[in-house]
Amino acid sequence: MALLVIDDLAKTYDKVTALTGINLSVEAGEFVTLLGPSGSGKTTLLMSLAGFTTPSKGTIRLDGKDITHVDPEDRNFGFVFQGYALFPHLTVANNIAFSLRVRKWEKARIATRVSEMLSLVGLDNLAERKPRELSGGQQQRVAIARALAFGPRILLLDEPLSALDRMLRETMQKELKRLHRETGVTFVYVTHDQEEAIAMSDRIAVFNHGRIVEIGPPRDLYKKPSTRFVAGFLGENNFLSGHRADDDATKVEAFGTRFGFPLAKGRERPGDSLTVWVRPEDIRIGQATGDEIGFRATVVENAFVGALERILLRTATGEQMVATLRSEAAVAAVPGQIIDCRIDPSAIGVLPNEASGS
Amino acid sequence: MKPRRIIEVGLPRLLAWCLLGFLFVPILVVIPVALTDRDYLSLPQDGVSMQHFAALADWSKGWLPSMLTSAGIALACAAIATALGVAFAVGAWAAGGWWPSLMRILLLSPMIVPPIIYAVGMVKLWARLSLLDSYTGVVLVHVVLALPLTVLAIGASLSNLDQRLVQAARSLGARPMTVFGKVILPNIVPGVAAGALLAFVASWDEITVTLFITGRAVVTLPRRIWTSIQDAVDPALAAIATVLLVVTVLALVARALIEHRQQRQKF
């Protein structure tokens, strides 16, 4: 049985719906990320899990026991806040010891545990500092050590890396992964940064407008998204308009070419418009071979962005698409030239056009 | 010095000193007057004398008892106003939303209503409750007058405090009262101390309302001074003014030190 089961959870503020129809179960030891744009409900869900927000509807169960209305202090969940929320009047050691003192641990046991936690996050020599004397990254480590000290069932993290600069953020991502591995604690992690979510999570729940749009391992969501929203939110993507071929139900026509694609049964009639997506890194230059999809496009712009070249193409249908290529593969991409491009059919996605047209 | 420099630097400086003099000389003049060797308000003529300070210490002259009365009332007032101020400010801070803002405006009303108007109302009310000319009556009135000061001082301290500290403490297993004692209170000590000091001072020199609601039984220091001005112009008045001046300066220094510490804590 899953450690944490969220069943049909909803939260409404006055007339605004923050969350609706949330179903999610988290296995023990899992790293689950709640990903979504701001205002999508992910933080509301995290606050409900922590007990800081009371859901309007639905239940949260831990080990099968309903904890929806249990006080935050009785949940035994660690919480890492966006701005760390360290106690400014306490030293690093006393911040970490706070949960242990509250639980009336013996002095010697507290001391042992605090030094364990300090070495776990690599801050052994800063035990007596006050939070304001630490850098952002160090404060972050203290916040994590404090939240893990009492052995929480689940660690909830609310955009813990958003205040750090890019370099530090990457280091801390690895650090968090290591802590997750070493402690075996279940992590529920909120972020709006899709790269962070992809790099760290076992599973991602993608939020939009107060709902979970899709849940799955990062690879599945990236490679086989089943919604336009997820296809666009995770990683970079090109969206192109296409339609079902008039003469063949298994063929799609888009960006001046025609290719086979098994369509969702019954939904598409001849000429129905569809959305075709293809990731920039899956577009290659050269004649199509085998079952590759070939098409011609005009090079609009060629920008060097470090490891890769970023090429802006205009297709025969006048749509623009971005391709990222290694420099040596991109030599043919001279602006103004019309070039042959190819795509592996497994890298392409076709989605029905959503009624809302979002 | 070049003429331009005199106009740009010298003149403003001179003006500043004149203004300071205007503000402080009348206050400082009480010090020599307190040391006069005469029996009337005057500057020392044939040498200085401590006789008027001695008179302050003389129990039968009534200065010492009134000082003790004022100190007692001011301490009680500071204690109660600080406790209530902490309760209100922390409650309003934790609750958030529009109604604490409304309550805050109501609480600040004693600062807005002229004391004389308030005094008239209090006489009527205290007469009905038999609190006229009683210590309880004076302390309660002073608490009302001091409450805005403590609420403002403590509120200022709280406004620098991250609301999420409460959530952090609770997620770590602390009950609300533990959060208050171990997290909120230690972080607002400077504001609480400043509030208590302000409340003490507010009560210590309150005269308007006190005049209305006291008679023979409760004689605070300001009331004693008031009475003595009406009787005769006794140099003991200057002596008491000197003592108050010293106490006030000490209080200001204490407050400056507290604020200095508060500033340092932020960085």
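**Entry 1: a hairpin to start with**

I began at one bridge in chain A: F304(A) has E309(A) in β17(A) as its bridge partner. This is a predicted model, and I kept that in mind throughout. Stepping back, I saw that strand β16 (residues 293-304) of chain A pairs with strand β17 (residues 308-315) of chain A over seven bridges, in the antiparallel sense. The two strands form a hairpin with three residues between them. I looked at the turn and found G306(A), which has a positive phi of about 100 degrees.

**Entry 2: the next strand along**

I followed β17(A) onward to strand β18 (residues 320-326) of chain A. These strands run antiparallel and are joined by seven bridges. Here I noted L308(A), whose bridge partner in β18(A) is R326(A). β17(A) and β18(A) also form a hairpin, with four residues between them. In that turn, G318(A) has a positive phi of about 85 degrees. A reminder to myself: strands of a sheet pair through backbone hydrogen bonds, either parallel or antiparallel.

**Entry 3: a four-stranded sheet**

In what order do the four strands of the open sheet stand? I read the order as β2-β1-β4-β5 (chain A), with antiparallel pairing. Why is one side of β2 and of β5 left without a neighbour in the sheet? β2 (16-26) and β5 (65-66) of chain A are at the edges and each has a single partner strand, so one side of each has no neighbour there. I then checked the pair β1 (residues 4-13) and β4 (residues 57-62) of chain A, which is antiparallel with five bridges. For a residue-level view, I picked A10(A), which stands opposite K57(A) in β4(A).

I had seen positive phi at glycines, and I wanted cases in other residues. F255(A) is one of them, with phi near 30 degrees. I located F255(A) in the loop between β12 (251-254) and β13 (257-260) of chain A. Is F255(A) buried or exposed? F255(A) has 25 C-beta neighbours inside 10 Å, so it counts as buried.

D133(B) is another residue other than glycine with a positive phi, near 60 degrees. D133(B) lies in the loop between α6 (115-129) and α7 of chain B. With 15 C-beta neighbours inside 10 Å, D133(B) counts as partly exposed.

**Entry 4: how each chain divides**

Chain A splits into domain 1 (4-232) and domain 2 (237-352). I found their C-alpha centres 39 Å apart. Four residues of domain 1 of chain A are in contact with six residues of domain 2 of chain A. On the domain 1 side, the classes are two nonpolar, one polar and one charged.

Chain B splits into domain 1 (3-34) and domain 2 (62-266). Their centres, taken over C-alpha atoms, are separated by 33 Å. Five residues of domain 1 of chain B are in contact with six residues of domain 2 of chain B. Helix α2 (residues 30-34) of chain B gives the most to the domain 1 side, with four residues. That side has five nonpolar, no polar and no charged residues.

**Entry 5: where the chains meet**

How many residues does each chain bring to the contact? I noted 20 from chain A and 16 from chain B. On the chain A side, β6 (77-80) and α2 (92-102) are the elements that give two or more residues. By class, the chain A side has twelve nonpolar, four polar and four charged residues.

**Entry 6: the cores**

The largest nonpolar core has 139 residues, and among those touching the most other members are I96(A) and A199(B). Helix α7 (residues 135-159) of chain B gives the most to this core, with twelve residues. I looked up I96(A) and, leaving aside residues up to four places away in sequence, found that its contacts include V114(A), M117(A) and R146(A). A second, separate core has eleven residues, including V30(B) and W63(B).

**Entry 7: what the record says about chain B**

I finished with UniProt, where an unreviewed entry lists "transmembrane region" for stretches of chain B that include residues 71-93 and 105-127. In the model, residues 71-93 of chain B are 100% helix, with end C-alpha atoms 31 Å apart. Residues 105-127 of chain B are 91% helix and 0% strand, with end C-alpha atoms 28 Å apart. The unreviewed entry also places "domain: ABC transmembrane type-1" at residues 67-258 of chain B. I found that span to be 83% helix and 0% strand.

How values were computed: Residues are numbered from 1 along each chain as its sequence is written. Chains are lettered from A and ligands numbered from 1 in the order in which they are written. This is a predicted model: local features need pLDDT of at least 70, side-chain atom pairs count only at pLDDT 80 or more; totals for chains, interfaces and linings use all residues. UniProt positions are given in the numbering used here, feature names are shortened, and annotations may be inferred rather than shown by experiment. Domain bounds come from an automatic or database domain assignment. Two residues are in contact if their C-beta atoms, placed from the backbone, lie within 7 Å. Ala, Val, Leu, Ile, Met, Phe, Trp, Tyr, Cys and Pro count as nonpolar, Asp, Glu, Lys and Arg as charged, and the others, Gly among them, as polar. A nonpolar core is a set of buried Ala, Val, Leu, Ile, Met, Phe, Trp, Tyr and Cys residues joined through C-beta atoms within 7 Å. A residue is buried if 20 or more other C-beta atoms lie within 10 Å of its own, exposed if 12 or fewer, and partly exposed in between; C-beta atoms are placed from the backbone. Two strands pair if DSSP finds at least two bridges between them.
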